[in-house]
Amino acid sequence: MTEEQMLAGTLKNNAAAQEALYDRYSPRMLSVCYRFAKSREDAEDMLQEGFIKIFTQLHQYRNEGALEGWIRRIIVHTCINVLKKNKKFSETVDLIHAHAFHTNEELIPSIMQAKQVVECIRMLPLGYKTVLNLYAIEGYSHKEIGNMLDIEESTSRSQYTRAKVMLEDILVRKNIIDKSQYKNNYAKTNAKI
Amino acid sequence: MEDKNYRDEFEFFLKESADELRMVPSRKTWYSIYNNLHPDRKWPSMAVCLLILTAVLYVGIANNNSISSAARKATSQNFTTTTIDKKTTSITNNYTTSTEQTSPEKTTFLSMANNDGHPVTNSDVELNNTALLNNTSLVMNDKTTAIISNINTIVRDNMILGDAKAAAKIENAQLLKTKGETTVTISTFNADDEDGIAAADKESGEVKTGDKKLENKLLPVENSAFKIALLNIEKSWKEDYAFRNKPALNKFKENASLSYYITPSLGYRSFKRKGEKQYTGSSLVIARGNNDEVLLIDDAALNLEAGAVLQYSVSKSIRLKMGLQANYTNYLSHVTALGHPSQTSLSVANRGTVVRSSSYSTKAGNDRINKTTMQVSLPIGADVKIAGKRNLKWYAGATLQPTYVLSGSAFVLSADEKYYISETPLLRKMNLNTGIETYLSFKSSNSVTLSVGPQFRYQLLSTYKNDYNYSEKAYNIGVKVGITTSF
């Protein structure tokens with residue numbers, strides 16, 4: 001089923017088309033949710049809520065830009081809304097205490113690098129993790145992040161800086177990156193792993 | 001969103017790594033989304049529930065109907081029940097009463113009794129403007145019953161009992177006390193009743209109530225010709241009792257019966273790829289590959305059916321039947337459980353190939369998966385008597401069973417046939433089964449018929465929707481045990 005057929009079918013509330021759309025995009029979107037969520041179950045709840053929004057608001061999609069990008073934005077906003085219901089995003093963790101989060105590093109599965117990196121991101125405190133996800137991976141600006149999370153732009157910047165330092169530290173400890181080289185060439189470092 | 005080229009290599013590295021990750025969500029998530037988007041699709045299951053409820057109610061009513069329908073019918077010809085709640089008079093449905101407590105000599109045409117054995121008092125009875133009442137039985141609140149039988153006109157004017165300030169004007173009244181219950185029988189009687197109703201023995205002239213004021217006011221009166229007429233009417237009615245109680249002929253009940261049954265059986269399946277002509281799987285080996293290597297191995301498992309059917313005899317040897325049946329179908333596949341889920345693909349006709357994860361390889365190992373369904377069906381069919389007389393008969397029968405699948409666990413083959421994938425949405429919701437059976441029935445002395453015999457049930461449509469590239473038909477062989485009761 002082509003994307004056009006899926007879109008047309010979904011707009012007509014056709015269950016098969018909806019399922020096809022879900023099958024195509026849910027694996028990527030679940031990994032997005034997983035980076036924001038505390039657990040896989042929470043991530044699936046976010047995914048479910050996000051896809052219900054997608055199906056009910058698909059008529060607003062105007063074929064401007066990729067469908068995946070539109071879907072991803074809805075999913076990210078859903079994740080943020082879910083998190084905002086449960087937790088304040090002004091949470092900060094001093095770098096002095098950052099090592100406390102390293103105690104669980106053994107839990108990181110060594111299945112593949114992508115999974116390892118994501119698991120390292122998920123180890124960050126909630127505020128750090130959210131800002132880092134939004135800025136470094138989803139590509140939002142600090143101003144947008146500030147609006148999304150109801151925090152100051154400067155807070156977003158400082159959170160991100162701290163998150164980045166903490167994450168680099170974790171990745172180096174796990175030998176996922178080589179600190180002496182990462183500023184020059186990560187791909188080269190990855191090849192060693 | 002900021003359109004940026006990644007500000008440094010670290011961010012690019014994070015972005016690239018994170019985007020590489022794919023996670024397959026559980027099917028439960030899709031079901032939740034589906035149910036949210038299509039709440040109207042729940043109606044079929046609700047309709048089936050309603051159908052089951054209706055059937056259960058019908059069975060319950062049919063079984064409780066035999067208690068005293070004949071007696072009720074006879075009584076209803078002669079009695080109408082009136083419920084009196086304080087100052088209100090209303091007529092309700094038929095109410096069964098008996099006049100057996102009254103001897104022929106002490107014919108009752110109006111009796112008032114308190115069911116707990118206490119005399120009727122002000123608090124029990126208060127009748128205002130109650131014109132009594134041809135062939136009428138009165139029920140007063142919960143405790144007090146007034147019975148009037150077979151009298152044309154009893155009280156023509158207003159009758160007030162138990163009203164302290166009103167006069168009770170009762171003609172032909174006789175007060176009796178029988179078996180601890182206070183009975184007021186009307187013959188010829190006049191009283192100004194201030195405090196209540198009492199009981200009096202006409203023969204002895206003794207008033208049997210603790211209320212002295214009332215005793216003084218209630219005086220027995222001589223028998224009249226009217227009372228004799230009452231006696232005659234009562235007598236003739238009693239003599240005619242058997243005739244009046246003769247149940248009306250009900251053709252439906254004479255020919256109908258209700259059968260309850262249970263059928264434990266062994267379930268199998270036949271299976272083929274779409275496009276192949278022949279179903280395979282009459283043996284354990286359900287499918288073979290191109291080089292004749294064994295692909296799938298199945299095994300039988302215990303199935304169960306239980307239900308109730310209404311049977312109706314259209315002739316001496318043929319009876320039609322229709323009912324409701326619950327089915328549990330089940331069979332086993334020998335598989336190898338994988339240590340961790342593997343990504344695979346499922347080929348579905350209208351969606352092409354979709355990605356799925358699987359925990360079971362089709363390679364036959366020590367592990368087993370159960371493929372089960374819970375169904376309700378409406379068997380419609382007929383039984384034919386082959387032989388037998390009196391209590392022992394031999395029948396053969398067949399049914400067609402429209403079936404609704406309530407739930408199930410479906411494991412379907414991956415596109416490369418190497419994995420089983422749990423994919424319940426591919427289960428066909430509406431199906432059609434057929435059953436053939438033969439059985440011996442033995443009628444016991446208490447009009448209950450036992451029946452036992454083999455049954456074969458076959459599924460006419462594939463277990464899965466047409467989207468799936470394979471066709472599977474389940475069948476089972478079992479022993480049906482049932483009991484049949486007449487109405």
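Q: Is Glu417(B) buried or exposed, or something in between?
A: Let's start with this residue of a predicted model, where local features need pLDDT of at least 70, side-chain atom pairs count only at pLDDT 80 or more, and totals for chains, interfaces and linings use all residues. Residues are numbered from 1 along each chain as its sequence is written, while chains are lettered from A and ligands numbered from 1 in the order in which they are written. A residue is buried with 20 or more other C-beta atoms within 10 Å of its own, exposed with 12 or fewer, and partly exposed in between, with C-beta atoms placed from the backbone. Because Glu417(B) has 15 other C-beta atoms within 10 Å, Glu417(B) is partly exposed.

Q: Where is Asp150(A) found?
A: Helices here are DSSP runs of H or I with at least four residues, and strands are E runs of at least two, numbered from the N terminus. Asp150(A) sits in chain A, in the loop between helix H7 (142-149) and helix H8 (153-173).

Q: Why does Asp150(A) count as exposed?
A: The reason lies in its neighbours. Asp150(A) counts as exposed because its C-beta neighbours inside 10 Å number 10.

Q: Which element gives the most to the side of chain B that touches chain A?
A: Contact means that the C-beta atoms of two residues, placed from the backbone, lie within 7 Å. By that rule, 31 residues of chain B are in contact with 37 residues of chain A. Helix H1 (9-20), helix H2 (27-37) and strand E14 (352-361) of chain B each supply at least two residues of this side. With nine residues, the element that gives the most is H1(B).
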